[in-house]
Amino acid sequence: AETHAGACGRMEVSLDGVPFWVRQFYAGWVLNPYQDAGKFGGLFGVSASTAQALFPLPKLTADDEYIARFAEDGGIAYRPECAFTVQAPRKLADLIRIRRRSYRGTKALAVRGAQTQRPTGLRAIAMVVKRGAAQPKLWLGVLTYIAVSLWVRVLVALERTQPSSTIRWERDASSRLPKEI
């Protein structure tokens with residue numbers, strides 16, 4: 001039997017009740033090569049040996065990405081029949097906060113030497129452009145994805161000029177579904 005360090009399913013994004021620009025961002029975002037082998041975040045599993053080697057996790061923002069990069073060498077099984085749904089942020093400002101936290105976290109992983117074989121950063125953005133170029137109905141989504149991605153990079157770059165006390169965890173409650181009673 002084939003064994004893997006981890007497994008992930010297919011992530012679906014619910015766009016119910018989200019504004020136009022958030023919808024456009026996700027129209028471009030789905031073209032990101034990060035999605036090609038499943039989204040290793042939100043819902044995933046790791047083997048017992050991987051868990052034993054990983055835990056306790058270091059204190060960092062991008063813990064799911066840290067686990068994905070650790071498990072990547074041992075192979076991650078993509079199981080698209082195992083789908084899970086996440087709610088898109090309900091405001092563009094909330095989307096930017098989420099993306100900023102995510103980008104800050106992946107930058108911190110790179111500083112720690114946690115590399116990935118998947119395209120990231122500007123290489124991933126270039127692949128989104130290439131994938132969307134032949135699909136005119138996606139052009140606005142691709143442009144929105146690029147604009148948000150570049151804006152987030154500018155915001156994070158500006159953080160370096162501010163005292164570290166101003167950098168904070170940016171949890172987005174608008175993408176959290178209310179608990180059922």
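This is a predicted model: local features need pLDDT of at least 70, side-chain atom pairs count only at pLDDT 80 or more; totals for chains, interfaces and linings use all residues.
Figure 1. Ser-14 is buried, its relative accessible area being 16%. This residue belongs to strand 1 (residues 6–14). The side chain of Ser-14 makes a polar contact of 3.3 Å with the side chain of Gln-87. A polar atom of the Ser-14 side chain also lies 3.5 Å from the backbone nitrogen of Asp-16. Beyond neighbours within four places in sequence, Ser-14 touches Thr-85, Val-86, Gln-87 and Ala-88.

**Figure 2. Packing of helix 1 against helix 6.** The axes of helix 1 (residues 20–29) and helix 6 (residues 139–159) are 7 Å apart and cross at an angle of about 95°, so helix 1 is roughly perpendicular to helix 6. Helix 1 contributes Phe-20, Trp-21, Gln-24, Phe-25, Ala-27, Gly-28 and Trp-29, which meet Leu-140, Gly-141, Val-142, Thr-144, Tyr-145 and Val-148 of helix 6. Of the residues in this contact, 9 are nonpolar, 4 are polar and none is charged.

**Figure 3. Salt bridge between Asp-94 and Arg-97.** The N to O distance in this pair is 2.3 Å. Asp-94 and Arg-97 are 3 residues apart in helix 4 (residues 92–111), which means that about one helical turn separates them. Asp-94 is buried at 7% relative accessibility, whereas Arg-97 is partly exposed at 30%. The whole structure holds 5 salt bridges.

**Figure 4. Salt-bridge network of Arg-100, Arg-104 and Glu-159.** The closest N and O atoms of Arg-104 and Glu-159 are 2.7 Å apart. Arg-100, in helix 4, is 59 residues from Glu-159. Glu-159 is buried, with a relative accessible area of 7%, and Arg-100 is buried at 16%.

Note on methods:
Residues are numbered from 1 along each chain as its sequence is written. Side-chain values use heavy atoms; hydrogens and water are left out. Axes are lines fitted to C-alpha atoms, for helices over the stretch in contact, and angles run from 0 to 180 degrees between N-to-C directions. Helices (H or I, at least four residues) and strands (E, at least two) are DSSP runs, numbered from the N terminus. Angles under 35 degrees count as roughly parallel, over 145 as roughly antiparallel, 65 to 115 as roughly perpendicular and the rest as oblique. Contact means heavy atoms within 4.5 Å. Ala, Val, Leu, Ile, Met, Phe, Trp, Tyr, Cys and Pro count as nonpolar, Asp, Glu, Lys and Arg as charged, and the others, Gly among them, as polar. Buried means under 20% relative accessible area, exposed over 50%, partly exposed in between (1.4 Å probe, protein chains only). A polar contact is a pair of N or O atoms within 3.5 Å; within protein, one must be able to donate a hydrogen and the other to accept it, and residues adjacent in sequence count only if both atoms are side-chain atoms. A salt bridge is a side-chain nitrogen of Lys or Arg within 4 Å of a carboxyl oxygen of Asp or Glu.
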